[in-house]
Amino acid sequence: MANEIPFPLYHKNARKNTIQRALDTTLLFLLISLLFYRLLSLKTHGFVWLLALLCESWFTFFWFLIVNAKWNPVDIKTYPQSLEPRFPELPAVDMFVTTADPVREPPIMTVNTVLSLLAVDYPADKLACYVSDDGCSALTFYSLVESSKFAKLWVRFCKKYKVQVRAPFRYFLEDPISTSAPNLEFKEEWEKIKAEYEHLCLKIKEASRKSAPCNLTHDFAVFANIETSNHPTIIKIIGENCEEDVPHLVYISREKRPKYPHHFKAGAMNVLSRVSGLMTNAPFTLNVDCDMFVNNPQVVRQALCQLVGRESERDMGFIQYPQCFYNATKDDPYGNQMVVLMEYMGRGLAGLQGPPYSGTGCFHRRKVIYGAWPGNAASINGNIPFFNSILFYSYYAHIHYTC
Ligand SMILES: O=c1ccn([C@@H]2O[C@H](COP(=O)(O)OP(=O)(O)O[C@H]3O[C@H](CO)[C@@H](O)[C@H](O)[C@H]3O)[C@@H](O)[C@H]2O)c(=O)[nH]1
Ligand SMILES: [Mn+2]
């Protein structure tokens, strides 16, 4: 299917796994033989034998399902360079970050997640980053406001020098000046940007020591005397993409009331979809937990290669990226990298219908989240979905003009 179009955006190539298949077939034969042996000599051994038969049958069934999932592993090769020739007007993408607690999830971590997203290799006017703060924390808001100033320098630096990992805390762990012989201009800019990042970290650290990060006036006034589990919605537009080459940045702390369940991350994702649907309404969304970051600046283009490179948009609702973990133990003896799940199961499932949604690092087609575009809203089974809410529209308008 991908071969028929003038510029292929991706190829799905089957991986050779003849040896693995031969091993699995042998194992299946052995397991079935064992089950037969148990069955035939059941009468002589009684209850214990029956118990063993039940356990081994369950194991065989489960093992068979897993082998099935791994049977057809594939490699997916994308061609991001072909995206613009085919779609000169690239689609917009809304990026969601969820955070819940400024103590357990320190704001500098959220800031790094947000910075890695703002700096992805994609036209900035097509991107918007929405941060949901379930902790309703003035410190988180303050950190985002400060980081948006740093973002202007950081995004320009990353794009100019084609930085691979665009979360500053990881990037500055290595010193490219001592390991290679970079040019003088790079050296100066690298040192300047590192100093700026350290200054940002210091400001956030100092703010976290105080009871309030700054004077709770102007934009911060709303956080004065706020109860984290009992407050109205707060939406703040931190950065608007006007002249700077940095995407929009929006802070959201959804309404919380003691008697109403907030449904944790799922509730936050619902609100992010609603608010972004009214503000930028991009046809694609990406969601990332605040303790993750994007480790490849091409991530949006690569996902879109598959999402827009299909004959019918119904063929694919979402793209799930695998997760990698930093600071893992050497050789990963405890399996923290989830290699079996991500590499073997993931590739196998990609050869079937694709892996399940795993909660973070996922690009969704907005349509699959709520079934239709806001313009077609009334056509869903005669029900009026959330985005027709007059109350919400007027509330949003109020927020927009007071920000
Ligand atoms: O009331 C809440 C609770 C959590 N979160 C956010 O949800 C995300 C995931 O929570 P976390 O405690 O980090 O869960 P983990 O177990 O680390 O994450 C795994 O499990 C989650 C729940 O299944 C998935 O959402 C994640 O994507 C998956 O990585 C984080 O960004 C939180 O800030 C909220 O926004 N509101
Ligand atoms: Mn987590």
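At which residues does UniProt place the feature "binding site"? The unreviewed UniProt entry gives Lys265 and Asp289; such positions follow the numbering used here, feature names are shortened, and annotations may be inferred rather than shown by experiment. The model is predicted, so local features need pLDDT of at least 70 and side-chain atom pairs count only at pLDDT 80 or more, while totals for chains, interfaces and linings use all residues. Residues are numbered from 1 along each chain as its sequence is written, with chains lettered from A and ligands numbered from 1 in the order in which they are written.

Lys265 belongs to helix α10 (residues 264-279), and Asp289 to strand β7 (residues 284-289); helices (H or I, at least four residues) and strands (E, at least two) are DSSP runs numbered from the N terminus.

Their surroundings can be described in turn. Lys265 counts as partly exposed because it has 16 C-beta neighbours inside 10 Å. Asp289 is buried, with 20 other C-beta atoms within 10 Å. On this scale, 20 or more such atoms within 10 Å make a residue buried, 12 or fewer exposed, and values in between partly exposed, with C-beta atoms placed from the backbone. Beyond its neighbours within four places in sequence, Asp289 is in contact with Thr98 and Thr360, contact being C-beta atoms, placed from the backbone, within 7 Å.

As for the overall layout, the chain is divided into domain 1 (18-72) and domain 2 (82-370), bounds that come from an automatic or database domain assignment. The C-alpha centres of the two domains lie 45 Å apart.

Technical notes
Contact = placed C-beta atoms within 7 Å.
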